[in-house]
Amino acid sequence: MKAGRSLQLLLLLPVSVVLLVALLVNYGALSSVREQFDLSTGAQDSDLVVIEEAARFSRDMGLIQRQMAIAFDGARTEMLDELQLYRMHTRIVEELDALGERVRHLAESGLVIDANHDSARRLMASIGEYRGFIAMTTDVLAVNPAVAADFLEQAQAQHREFSIFSSQIVSLLAERARDRNAAQTARFEGAFRGALLSGLILMIGLFVVASLLGRRTGARMVDIADALSTLARSAEARIPLPRIEAMYAGGQGEFARIAGTLLSFRNAIERQRSAEEQAFQLAFYDPLTRLPNRRLLRERMRSVLLACEQLSGHAGIVVLDLDGFKRINDAYGHGVGDKLLVEVAARLAQVVGEGNTLAHLGGDEFAILLGPLSMDAGTAVGEVESCAERVSAALEQAFEIDGVPLYVTASIGGSLFGAVLANLDDPLKHAENAMYQAKSEGRGNLRFFDPVIQAQLEERVTLESELSSAIERDPLELFYQVQVGEHDRLQGVEALLRWRHPLRGLVPPAAFIGLAEESGLILPIGHWVLETACAQLLAWARDARTAQLSIAVNVSARQFRQDDFVQQVRAVLERTGAPPRRLKLELTESTVLEDIEATIVKMKALRALGVRFSMDDFGTGYSSLQYLKRLPLDQLKIDQAFVRDIIDDPDDAVIVQAIIAMSHALGLEVIAEGVETRDQQQLLGQQGCRFLQGYLFGKPVPLDELALRLR
């Protein structure tokens, strides 16, 4: 509002100055006319005074004439006596004396001088003669009226001459009034023409000044209007306003302030658009590769679906995952891995084809949206395969990253879909499932979506959800399989997990343990198994018949690698009061040897609590004797794969014999699992294996069935 008032003042100031000058000039001209008018009016007023005096003089002389006539008639008719006539004579003489003084002043006026061309003296002489004749008339009127009549006639003649002179004065006044009016009119017209001319000149000057100012101001206003229009319509991130910038840099005053305000507004718009662009990039593009992300890929799929609906065609999606990318990250660092992803994205962009969408889904996973493709499904599949082949070919050459040549391959999954689609996420999910199938079968493979595999994956997802719920509702339970020593004497049991599903029945461990490992559910499940087993150990410890029994509990690699696993076991033992030496933890070779130093530290800490260890499935991995002798183990368990054919396969018999001999050499117990016949039991006994486990001695059974055997 303040800037608007200032701008109005800026525009009105020169106009006001010019108008003020025009008013001053016109005022001077009008003042001159007024002065001339006042002089003319004063002169005319002076003449009117003279005329008025002359008129009164004529009137007074007329009165004297009338008195003379009365006196003359009174003397002639003898109606007036001498005394009365004398009194009238005296009064008339006095009045004539007064008229004489007035005549002297009247004769000295300019108007009388102009009217009497013989000079004012003659007027005075004429008045004197008139006065004398009147005086003589009154003197002899009482004595000789006839003589008085002659004197009166001569006086009347002088009166007539004076009356003519008065008429001349009136005529002169009228002439002089006309002259004055003409002169005044001429002066007024001259002043008016001067004022008009000066006003015209000033108006022309005002027009020129206003035009120049208006052109300059108008140009700036047009620049401001254009700038506002540009700000309103421009969709660019950078909005150029060169004229406004020049106005701000080179000007002062209100226009510079307006220009500064516009530039500030422009900068605010640019900052807002920059923020919006950054938000859009973060929402729809991968910050590393600058490729569309999963969210934008989904939006592009909507557009492709509409095109497929209009053309009755198909669309395809290809998902690829780099093989061995984790190995590159571990070997060279994540910086090199990120550079590799950028280079892979650049190569893929060259082969995806125009109109298709290349996206980075995260990690080392990319997707290519193809479509619309052919109406024929077979031809469309061929187009998807052709794209996958181009992708594989593009990745064949080495990537030069920081001077290091890196080679990568990709496992590729493809999926085909049409206009009719129940769920927009299905095509990408199917392609990813096909990619996982390709990766599971080796490096650099291409697989298309298989409905059977999809059904298995969906079953797996359902099973995972149900398993998560099972942990909360507690339908899990432990089965126990006995472990015997010499003469089939019961030494302990192995706790085996079972899931009693309300619809599926008793779900075997092979159907859900792997899933629990992958999903992380193995952690709460493993903790539950450990706590349940320890609670059972405490119950057996209170009974003399079962106090010497031990329970072997399988510990998963993920569970054992927890940083606080030792603290968890200690807490369970303290909470349940179970005897630690009756708890035996079974670890696999892969779990023990993955991080040997950390494993040894944890095992020693648990051994300090009294817990014992058994290595499960020994012989199936790649155990090193150098590490094996360092581990604080108590027992090795021979895998049932060697025990099953120990009678018929000499190689298995030799392997079992070697394991037993090595265990004895290391001072370790040996237990063989999967024993189903007495021949197997006898052979194992001959080779020195004292502890056995298998169907020969009992299947895994619930706790209540095991309790019947323990009585």
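**Briefing: pocket, helix packing and backbone details**

The largest pocket has a lining of 37 residues, and E494, L496, P509, N554 and D616 lie nearest its centre. The model is a predicted one. Its largest pocket holds about 960 Å³ of space. The structure also contains 21 salt bridges.

**Largest pocket**
- Strand β9, residues 490–501, gives the most to the lining, with five residues.
- By class, the lining divides into 17 nonpolar, twelve polar and eight charged residues.

**Packing of α15 and α17**
- Helix α15 spans residues 522–541, and helix α17 spans residues 565–576.
- The two helices pack at an angle of about 35 degrees. Their axes are 9 Å apart.
- The crossing of α15 and α17 is right-handed.
- From α15, the contact is made by H527, L530, E531, C534, A535 and L538.
- From α17, the contact is made by Q568, V569, V572, L573, R575 and T576.
- This contact has seven nonpolar, three polar and two charged residues.

- Side chains of opposite charge can pair when their charged atoms come close.
- One of the 21 salt bridges joins K339 and D402. The closest N and O atoms of K339 and D402 are 3.0 Å apart.
- K339 sits in helix α10, residues 334–349. D402 sits in the loop between β4 (399–401) and β5 (404–406).
- The pair links distant parts of the chain, with K339 and D402 63 residues apart.

**Backbone features**
- Most residues other than glycine have a negative phi, and most peptide bonds are trans.
- The peptide bond from G371 to P372 is cis, with omega near 0 degrees.
- P372 lies in the loop between β3 (365–370) and α11 (377–394).
- R290 is not a glycine, yet R290 has a positive phi of about 65 degrees.
- R290 lies in the loop between α7 (254–284) and α8 (294–311).

Terms used
Residues are numbered from 1 along each chain as its sequence is written. This is a predicted model: local features need pLDDT of at least 70, side-chain atom pairs count only at pLDDT 80 or more; totals for chains, interfaces and linings use all residues. Side-chain values use heavy atoms; hydrogens and water are left out. Axes are lines fitted to C-alpha atoms, for helices over the stretch in contact, and angles run from 0 to 180 degrees between N-to-C directions. Helices (H or I, at least four residues) and strands (E, at least two) are DSSP runs, numbered from the N terminus. A crossing is left-handed if the near helix is turned anticlockwise from the far one by less than a right angle, and right-handed if clockwise. Contact means heavy atoms within 4.5 Å. Ala, Val, Leu, Ile, Met, Phe, Trp, Tyr, Cys and Pro count as nonpolar, Asp, Glu, Lys and Arg as charged, and the others, Gly among them, as polar. On a 1 Å grid over the protein atoms alone, a cavity is a set of points where a 1.4 Å probe fits but cannot get out, and a pocket is an open set with protein on both sides within 12 Å along at least five of seven lines; lining residues have an atom within 4 Å of a point. Grid points are joined across faces, edges and corners, and a volume is the space filled by probe spheres set on the points. A salt bridge is a side-chain nitrogen of Lys or Arg within 4 Å of a carboxyl oxygen of Asp or Glu.
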